[in-house]
Amino acid sequence: MKNILITGGAGFIGSHVVRLFVTKYPDYHIVNLDKLTYAGNLANLKDIENAPNYTFVKADICDFEKVQSVFAEYQIDGVIHLAAESHVDRSIKDPFTFARTNVMGTLTLLQAAKQYWNGNWEGKRFYHISTDEVYGALELTHPDGIEPPFSTTASSSEHHLAYGKDFFYEDTKYNPHSPYSASKASSDHFVRAFHDTYGMPTIVTNCSNNYGPYQFPEKLIPLFINNIRHGKPLPVYGKGENVRDWLYVVDHARAIDLIFHKGKVADTYNIGGFNEWKNIDLIKVIIKTVDRLLGNPEGTSDHLITYVTDRAGHDLRYAIDSTKLKNELGWEPSLQFEEGIEKTVRWYLDNQEWMDNITSGEYEKYYESMYSGR
Ligand code: NAD
Ligand code: TYD
């Protein structure tokens, strides 16, 4: 495969995937198709934007004719599909946009790929990036007599802290709760249907919460780092008891590279960090790290914690079991959480201009004018 279409490459995870492919595979031509919504930011790719094997196309994945023309013009033989509306809170306010982009957009891409490949599946691949949120929510249960978090080796060769007995496995039944996860679940089903019905070589992966550089500051970690820097309140939903499994974004990009090249067609892989954190504990680590790196005495920003009304339908716990990926393809997270969070906080503090451009709303207008008419 030489001509790879990556959708959503100007977003958080997509920019890491584009960077990895452009630098690691000089023989590939990487076409990044992105609508540049509020979440898309070409500044995420400044370091590789002039690479000879990279092309940016500003387009909407729902625009069938445009997507068709991109397949033909660049003779696409592999797709890594990340473009999506990705924020649960926004999906609660505006579910239509999520159905449009995540469901219809994915279907549009599938149709365009099917038409362009025209039954010649040799060397082709359609890889869809999805989320663990499609599986629903897990309980905070524990083995007899042990309060969570407890140490377990049940699902991994490594010890890790778990907040419940159960995990999401590749065969866990889909049970999405939010409009975001419902739209992602629907798109996953369409991708699998294109394999089962037409024989398209598809792969789906479901990943846990990502963190790291270039994440839009509406998500917990960058939002809180930025708020601490400005002495603004840190809105903790509910009691801060919800549990998420956090993975450093570069490790997700590594997994995507591996699975795109070595994953079994029609298969599904779960990707996760075996790294569960209760929100409030994670928030305390973020506060401590930001204060230390800013040279503030410990405890300076603790008072910013502000408990607010819980998110509607807030899923209690996500926890991925990625043993299959480890056993079959040898992937494991490369970074310990302590190292990952330190790198992440440092990056946001060192790249305040990136953050300020987004939060001041300037970058969107700037790039809109730069790329209009392309
Ligand atoms: P993001 O919101 O940072 O980026 C999404 C990108 O898609 C943006 O560049 C945006 O401009 C683009 N986009 C949105 N609508 C589009 C459209 N109609 N046409 C073309 N481009 C469009 O999202 P992210 O966090 O990088 O997530 C990327 C993918 O990974 C999504 O599919 C998401 O569901 C999935 N995922 C995310 C996480 C996470 O923790 N962030 C975890 C698991 C899976
Ligand atoms: P988020 O980063 O939105 O990811 P997701 O909802 O996809 O897991 O949120 C992570 C967790 O943090 C989630 O349990 C909701 C919680 N949260 C807050 O408590 N306050 C906030 O301001 C945000 C954005 C999230």
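**Figure 1. Helices α6 and α8 cross one another in a right-handed sense.** The model shown here and in the other views is a predicted one. Two packed helices are described by the angle between their axes and by the distance between those axes. Helix α6, which covers residues 220-229, packs against helix α8, covering residues 279-294, at an angle of about 45°, and their axes are 10 Å apart. Because of this angle, α6 counts as oblique to α8. On the α6 side the contact is made by Leu-220, Ile-221, Phe-224, Ile-225, Ile-228 and Arg-229, while α8 contributes Asn-279, Leu-282, Ile-283, Ile-286, Ile-287, Val-290, Asp-291 and Leu-294. Sorted by class, the residues of this contact comprise eleven that are nonpolar, one that is polar and two that are charged.

**Figure 2. Helix α8 also meets helix α10, with axes that come within 10 Å and cross at roughly 55°.** An angle of this kind makes α8 oblique to α10, and the crossing of these two helices is right-handed. From α8, the residues Leu-282, Val-285, Ile-286, Thr-289, Val-290, Arg-292, Leu-293 and Leu-294 take part, and they meet Phe-337, Ile-341, Glu-342, Val-345, Arg-346 and Leu-349 of α10. The contact of α8 with α10 divides by class into ten nonpolar residues, one polar residue and three charged residues.

**Figure 3. Helices α10 and α11 pack at an angle of about 70°.** Helix α10 spans residues 337-350 and helix α11 spans residues 352-359, and the axes of the two are 5 Å apart. The angle makes α10 roughly perpendicular to α11. In this view, Trp-347, Tyr-348, Leu-349 and Asp-350 of α10 meet Gln-352, Trp-354 and Met-355 of α11. The contact of α10 with α11 has five nonpolar residues, together with one polar and one charged residue.

**Figure 4. Seven strands are joined by parallel pairing into an open sheet.** Reading across the sheet, the order of the strands is β3-β2-β1-β4-β5-β8-β12. Strands β3 (54-58) and β12 (268-271) stand at the edges, where each has a single partner strand, so one side of each is left without a neighbour in the sheet. From one strand to the next, the twist averages 20°. Within this sheet, strand β4 (residues 78-81) and strand β5 (residues 125-131) run parallel and are joined by four bridges, and Gly-78 stands opposite Arg-125 in β5.

**Figure 5. Helices α4 and α7 lie across strands that include β1, β4 and β5.** Helix α4, made of residues 95-117, lies across β1 (3-7), β4 and β5, and its direction is at about 170° to that of β5. Helix α7, made of residues 249-262, lies across β1, β4, β5, β8 (202-207) and β12, running at about 145° to β5.

**Figure 6. Three strands form an open sheet whose pairing is mixed.** The strands follow the order β9-β11-β13, with β9 (209-211) and β13 (276-278) as the edge strands, each pairing on one side only. The twist in this sheet averages 50° from one strand to the next. Strand β11, covering residues 243-248, pairs with β13 in the antiparallel sense over three bridges, and Arg-244 stands opposite Trp-277 in β13. Helix α7 packs on this sheet as well, touching β9 and β11, and the direction of α7 makes about 70° with that of β11.

Figure 7. Most residues other than glycine have a negative phi, and most peptide bonds are trans.

**Figure 8. The whole protein chain contains twelve helices and 14 strands.** Its radius of gyration is 20 Å, which is close to the 21 Å that the globule rule gives for 374 residues, so the chain is as compact as a globular protein of that length. Along its principal axes, the C-alpha trace of the protein chain spans about 60 × 50 × 35 Å.

Key:
Residues are numbered from 1 along each chain as its sequence is written. Chains are lettered from A and ligands numbered from 1 in the order in which they are written. This is a predicted model: local features need pLDDT of at least 70, side-chain atom pairs count only at pLDDT 80 or more; totals for chains, interfaces and linings use all residues. Side-chain values use heavy atoms; hydrogens and water are left out. Axes are lines fitted to C-alpha atoms, for helices over the stretch in contact, and angles run from 0 to 180 degrees between N-to-C directions. Angles under 35 degrees count as roughly parallel, over 145 as roughly antiparallel, 65 to 115 as roughly perpendicular and the rest as oblique. A crossing is left-handed if the near helix is turned anticlockwise from the far one by less than a right angle, and right-handed if clockwise. Contact means heavy atoms within 4.5 Å. Ala, Val, Leu, Ile, Met, Phe, Trp, Tyr, Cys and Pro count as nonpolar, Asp, Glu, Lys and Arg as charged, and the others, Gly among them, as polar. Two strands pair if DSSP finds at least two bridges between them. The radius of gyration is taken over C-alpha atoms; the globule rule is 2.2 Å times the number of residues to the power 0.38.
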